[in-house]
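Biologist: I am new to this model and would like to go through it by question and answer. Please show it first.

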Number of protein chains: 2
Amino acid sequence: MPEPIVFMLDVAPAGAAEPASGWASTVHRVAPGEPSLFATDLAATRGDGVFETLGVLDGCAQAVDAHFWRLANSAELLELPAPNLEQWRVAMHIAGDALPHDRQGGIKLALSRGVEGGDRPTGWLIATVADDDFRNRTEGWSVVTLDRGYRHDLSAHAPWLLPGAKTLSYAVNMAALREAERRGADNAIFVSSDGYVMEAPQSTVLLRRGDTLVTPKTDIGILPGTTQLSAFALAQEWGLATEDRLVPADELLDSDGVWLLSSVKLATPITAVDGHPIAVDRELSDRLNAALLARRE
Amino acid sequence: MPEPIVFMLDVAPAGAAEPASGWASTVHRVAPGEPSLFATDLAATRGDGVFETLGVLDGCAQAVDAHFWRLANSAELLELPAPNLEQWRVAMHIAGDALPHDRQGGIKLALSRGVEGGDRPTGWLIATVADDDFRNRTEGWSVVTLDRGYRHDLSAHAPWLLPGAKTLSYAVNMAALREAERRGADNAIFVSSDGYVMEAPQSTVLLRRGDTLVTPKTDIGILPGTTQLSAFALAQEWGLATEDRLVPADELLDSDGVWLLSSVKLATPITAVDGHPIAVDRELSDRLNAALLARRE
């Protein structure tokens, strides 16, 4: 796998004016093989920060505004200083330019509370060439459903559980992927303790029911999906209806198509749920992926 | 605050023989102000690792075996390579020796899944002089109860939620402490969604009911408390009975004393729960803290 390229940011507060030397002067490319985080950074000791992963096509990051909105929203939910999006935009362009323009890739933005006892956040970017043939987009994945442990209506009254924030505390998400593999599946879909579809550990769930595309509404403690937003915009162009609503887990089995959506892998059709084969809509998969790959913003 | 002292470990597999140069040669003190973690370490990007914090008295780490047991148990729950405890013991001694012997302190041990795409875990230690007058031990804390969102009987069938593992994914624990502060309290106690006492974000709950010390049983998805183990051993010497059992949240209000126990702060008596003053047993607090401070192992 090509080595990821790391950039550290001198994090500026939101609203700070661009320095005379330009925002680019606040973005530092890290030499390969050099450590760049302190062992006392709260990212590493507490998972105390937020992140985004953007897809990159032709050196151009995709759905930037949606990711920036979510980064700022996650930061607010964690009571982190608001990110300076002007600075992050410049950093992201630098990171995108560092990737080979003829390959698909990704850029991770990470913002932590900083070194323990310090007074400013830590920001960094990781630009990666996708080491993937993206067969997921055509061959699809089998999934298992896993109990997320929370009721669907919990998040409204328990903000300290950080519903809707994309945090660096992803150990449970990673464990869910291992559990899926152990059960012979490719991925997992989290279900609330009272039986509603939530999200996958690294992606958003989309279903087609007749002429309607459906995604779980986000006030059940899940992330708003950036690729799902793009998919809904496309669906509306194509004359399909769209719905955000509660999705009982049973609907995973009798829909006309189920997908996981994410920024780098894009639309992955689901072929089986808990060992039961389900309907696969290859035509819509191909159409979605073609349209998502044709974006350049 | 004195700067923490960081040591990086060349992590050896469990069971590996000591190198000819000795385990000490695998422990590297990091120069102050030097970064030592890669930005792509899964500790920082996914909170994907485990940790322990040990109290240090006279340069001597406390309750080492209990912490090592829990470190190994957490690693197993996360399917990390088993830690080589012989190596960690040497590293911990080196870290303890680096602290001034006339001050109370702490050592954090952290073990992550390593750099993404790499093939070995990352291990490090952070030795810190306690910047604290430990008034918590005499003045106590007020707490609020916060819903942890999980039922008490969830963890048995959902191991992917990592119940009982002390992971680096602590964003929710940190958010709970901020919520407590927002409500004017000093700390928080998590309660299961069906009303049982669980644990505090960084400590174990202990109650006295008559001649019995009670702690929530750990099969409800909480950490076994290392300081609680010591407290139970002391209680048994002192002729008190001990119980691990389900603790309904109401018992926080009508017990003869409630404490939070942790490795550096030791026993903190709770003075109020959700704004209601509760009985404080200062005699037992003082006795517990004196005995815990008298330990040298």
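Biologist: Which residue meets Arg245(B) in a salt bridge, and how far apart are N and O?

Modeller: This is a predicted model, where local features need pLDDT of at least 70, side-chain atom pairs count only at pLDDT 80 or more, and totals for chains, interfaces and linings use all residues. Residues are numbered from 1 along each chain as its sequence is written, chains are lettered from A and ligands numbered from 1 in the order in which they are written, and side-chain values use heavy atoms, with hydrogens and water left out. A salt bridge here is a side-chain nitrogen of Lys or Arg within 4 Å of a carboxyl oxygen of Asp or Glu. By that rule the partner of Arg245(B) is Glu251(B), with N to O at 3.0 Å.

Biologist: Is Glu251(B) buried or exposed?

Modeller: Buried means under 20% relative accessible area, exposed over 50%, and partly exposed in between (1.4 Å probe, protein chains only). Arg245(B), at 22%, counts as partly exposed. Glu251(B) has 13% relative accessibility, so the residue counts as buried.

Biologist: Which residue of chain B forms a salt bridge with Arg178(A)?

Modeller: Arg178(A) lies in helix α5 of chain A, and the pair crosses to the loop between α2 (64-77) and α3 (85-97) of chain B. Helices (H or I, at least four residues) and strands (E, at least two) are DSSP runs, numbered from the N terminus. The N to O distance is 3.2 Å, and the partner is Glu79(B).

Biologist: What residue is linked with Arg178(B), Glu179(B), Arg182(B) and Arg183(B) in a network of salt bridges?

Modeller: The four residues named belong to chain B. The network also includes a residue of chain A, Glu79(A).

Biologist: How many bridges join β5 to β6 in chain B?

Modeller: Strand β5 covers residues 105-112 and β6 covers residues 122-129, and the two run antiparallel. Ser112(B), for one, stands opposite Thr122(B). The number of bridges joining the two strands is eight.

Methods:
Two strands pair if DSSP finds at least two bridges between them.
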